[in-house]
Amino acid sequence: MPLLRVLTKANNPSPLRSAATLLVALFLGRRGGGEANNTASAAMAAAAAAAVAEPKTKYDRQLRIWGDQGQAALEKASICLLNCGPTGTEALKNLVLGGIGSVTVVDGSKVEQADLGNNFLLDEGCLGQSRAKSICSFLQELNDAVKAKYVEEFPATMIDTNPSFFSQFTVVIATQLPESSLLKLDSICRSANIVLVAARSYGLTGLVRVSIKEHCVIESKPDHFLDDLRLHKPWTELKQFAKSIDICDKDAVVHKHTPYIVILVRLAEKWADAHDGQLPSTRQEKREFKDLIRAHMLNVDEDNYKEAVESSYKVSVTPGISDDIRQIIDDSSSEVNLSSSDFWVLVAALKEFIANEGNGELPLEGTIPDMTSLTEYYVSLQKIYQAKAESDCLAMEHRVKSILKRIGRDPESISRAYIKTFCKNTRKLRVCRYRSMEEEFSAPVLSEVQKYLADEDSCFAMNFYILLRAADRLAANYSRLPGIFDSTGFTSEIDEDVPRLKLAAVVVLTEMGLNGASLSEDLITEVCRFAGAEIHPVAAFIGGMASQEVIKLVTKQFVPLMGTFIFNGIDLKSQVLAL
């Protein structure tokens, strides 16, 4: 049986907790009787408040990125790391600092001299000790709120003898695993619906790959996205507010502080009246619409009209649902039943909403950007957009409850907060589905592989992908990675491994359906020279990428990698291969 141990830091309380305890002691020492009891109660209340505030202080910067819900998801997550070399240690370090709930390290190795040169969490005092235990001990010092466990067992043995072990985790991070073990682990994790993140650094290259059947993202947070202002289809309250403001007012202050939303609603209506109800669509019409806006300016320094000109394209937004969202709505999973996830229940409700209350549109997000405006106008606009968004959310909530009742679930089982988040992000929903590693390895998308090999920018990445797989084939035959030797004849033996690795690569190419394809001779030689080394800078980068993907997957925010990420440290380039 593998040895499982739990490390705690009970004797290392946080500064805030220590200060609160000291405060209680000071007050109790200086006062007596009932007064002391009252003061103690107050001090204990203050200590409790400090304990609640501590995570927000500790994680202040990241909370601004993924919010309280994202942080709560991290703190509930349980991570398993296989192999705690520099790549795995770097990944886990980032997650521990981020406040992940618990980590379990599986590694049967002892700390050797070579580990001290590329793993910053180990020192000479760790030599000969369990590598998993040593890493856990140092990780615990980084954040004592994280529970750290270790299992002194080789990952390959654990995969073969105890597959059910992995079902307890939220995410399994597999580092430096050979292809044969990785394929078995992928099958285990997919059958248990556990997220698998594979990471490997190998000399000056490395890869990261996510594997899970389906991952649904509500808060995808794209870098650039058009504001949801509905200028192409304003609702009654927005129209009424726009009409209440005279955009021809001669008062210079009022005129130059009329929000551009109002200007565009009014002038779009004027344009439509003169063009059979149609909004500007052609390039010429859009140019003329901008001229119409400029014609209403009283002075050249009116920033609000400049904003209206710059945002005039928002009037011409194509109404309705984007193709990406339409594909999600029409997915077979939107036909929900008792086993459907909350996400697909909400998609089913969204489909009904669009056909009814939405009148062909998604729920309004309810936010407006900054703009030049009188404060009272801006506040009124905010309230109008918020009221519409709240109304749409309420309609969605009714439909969600109706669907839950229909499929035999508790109508209150999906919280209003979750529904509200969904409504605010309906334009940005993403569903990520991944092929299994077995499918990718045995039947890659041939057209994509050929495209990558033919493209100058991605051919090195594709070469590295194939050569890393070939290196595992060679290791299976010779019980060592190419370039690793016991003797001192380094150069001559490298030369011996080059044709062996080339032959293994030909086998991989043939299995992928690429008969006759060739790889770079220079890269084949370089991979042999790498000798499977985990160089710390590369390991840090690959580990950082892996931890970033874990955070995306756990918080269900941002879109994770949709393919195999390959790092080319020779040219300092990277590529995601969708195979």
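Where is Leu-572 found? In this predicted model, in which local features need pLDDT of at least 70, side-chain atom pairs count only at pLDDT 80 or more, and totals for chains, interfaces and linings use all residues, Leu-572 is found in the loop between strand 10 and strand 11. Residues are numbered from 1 along each chain as its sequence is written, and side-chain values use heavy atoms, with hydrogens and water left out.

The secondary structure of the protein chain comprises 23 helices and 11 strands, where helices (H or I, at least four residues) and strands (E, at least two) are DSSP runs numbered from the N terminus. Of the 579 residues in the protein chain, 49% are buried; buried denotes under 20% relative accessible area, exposed over 50%, and partly exposed in between (1.4 Å probe, protein chains only). Among contacts (heavy atoms within 4.5 Å) with a separation of 6 or more, 70% are accounted for by residues 24 or more positions apart.

The largest nonpolar core contains 55 residues, of which Leu-82, Phe-166, Val-172 and Leu-185 touch the most other members. Such a core is a set of buried Ala, Val, Leu, Ile, Met, Phe, Trp, Tyr and Cys residues joined through side-chain atoms within 4.5 Å. Apart from neighbours within four places in sequence, Val-172 is in contact with Cys-80, Leu-82, Phe-166, Leu-185, Cys-189, Ile-194, Val-195, Leu-196 and Val-197. A second, separate core has 45 residues, including Leu-81, Val-208, Val-554 and Leu-561.

Helix 11 (residues 260-274) packs with helix 13 (residues 303-310) at an angle of about 60°, and their axes are 8 Å apart. Axes are lines fitted to C-alpha atoms, for helices over the stretch in contact, and angles run from 0 to 180 degrees between N-to-C directions. Helix 11 and helix 13 are therefore oblique to each other, given that angles under 35 degrees count as roughly parallel, over 145 as roughly antiparallel, 65 to 115 as roughly perpendicular and the rest as oblique. Tyr-260, Ile-263 and Leu-264 of helix 11 make the contact with Asn-304, Tyr-305, Glu-307 and Ala-308 of helix 13. The buried residues of helix 13 are Asn-304, Tyr-305, Glu-307, Ala-308 and Val-309, and these pack against helix 10 (252-255), helix 11 and helix 12 (283-295). Ser-311 lies in the loop between helix 13 and helix 14 (323-329). With a relative accessible area of 9%, Ser-311 is buried; residues up to four places away in sequence not being counted, Ser-311 touches Tyr-260 and Leu-264.

Towards the end of the numbering, Val-576 is placed in strand 11 (residues 573-577) and is partly exposed at 32% relative accessibility. Val-576 touches Tyr-452, Leu-561, Met-562, Gly-563, Thr-564 and Phe-565, residues up to four places away in sequence again being left out. Val-576 and Arg-209 are 367 residues apart in sequence, and their C-alpha atoms are 9.3 Å apart in space.
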